[in-house]
Amino acid sequence: MTELGHVALYVRDLQRSLDFYRDAVGLQVVGKLLGGRGAALSGGRTHHELLLIQDGYALGPVQVRLAGL
């Protein structure tokens, strides 16, 4: 990977997603948040370029389960 902007993804399995983005893509975990249900990852360009949030933990009044961007 050469560069990533700023992306937030809602994922079903946070640990599996962390493993993929860390091991296959090469990003580093720079922080955990939301009581362990979220994580920030960076390629080194900024503090974090990718935010992963485990599905079901929305930051606002969402009534449905989420997956994706």
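The legends below describe several close-up views of one predicted protein model.

Residues are numbered from 1 along each chain as its sequence is written. Because the model is predicted, local features need pLDDT of at least 70 and side-chain atom pairs count only at pLDDT 80 or more, while totals for chains, interfaces and linings use all residues, and side-chain values use heavy atoms, with hydrogens and water left out.

**View 1**
Of the 69 residues in the protein, 26% are buried; here buried means under 20% relative accessible area, exposed means over 50%, and partly exposed lies in between, with a 1.4 Å probe and protein chains only. The accessible surface comes to about 4,500 Å², and 52% of this belongs to carbon and sulfur atoms, the areas coming from the Shrake-Rupley method with a 1.4 Å probe, in which, for residues, only the protein chains shown count as cover.

**View 2. The 4 strands form an open sheet with mixed pairing.**
The order of the strands is β1-β4-β3-β2, and two strands pair if DSSP finds at least two bridges between them. The edge strands are β1 (7-11) and β2 (28-33), each of which pairs on one side only. From one strand to the next, the twist averages 20°; axes are lines fitted to C-alpha atoms, for helices over the stretch in contact, and angles run from 0 to 180 degrees between N-to-C directions. Strand β2 pairs with strand β3 (residues 38-42) in the antiparallel sense over 5 bridges, and leucine 33 stands opposite glycine 38 in β3. In the loop between β2 and β3 lies arginine 37, which counts as partly exposed at 32% relative accessibility. The C-alpha atoms of arginine 37 and glutamine 54 are separated by 5.4 Å, although these residues are 17 residues apart along the chain.

**View 3. Helix α1 lies across the strands β1, β2, β3 and β4 (50-54).**
The helix runs at about 160° to β4. The largest nonpolar core has 9 residues in all, namely Leu9, Val11, Leu14, Leu18, Leu27, Ala39, Leu41, Leu50 and Leu52. At least two residues of this core are supplied by each of β1, α1, β3 and β4. A nonpolar core is a set of buried Ala, Val, Leu, Ile, Met, Phe, Trp, Tyr and Cys residues joined through side-chain atoms within 4.5 Å. In soluble globular proteins, nonpolar side chains tend to be buried together.

**View 4. Asp19, Arg22 and Asp23 are linked in a network of salt bridges.**
A salt bridge is a side-chain nitrogen of Lys or Arg within 4 Å of a carboxyl oxygen of Asp or Glu, and by this rule the count comes to 2. Aspartate 19 and arginine 22 form one of them, with the closest N and O atoms 3.1 Å apart; these two residues are 3 residues apart in helix α1 (residues 14-24), and so are separated by about one helical turn. Arginine 22 also forms a salt bridge with aspartate 23, where the closest N and O atoms are 2.9 Å apart. Aspartate 19 is partly exposed at 29% relative accessibility, arginine 22 is partly exposed at 35%, and aspartate 23 is exposed, with a relative accessible area of 56%.

Definitions and conventions. Contact = heavy atoms within 4.5 Å.
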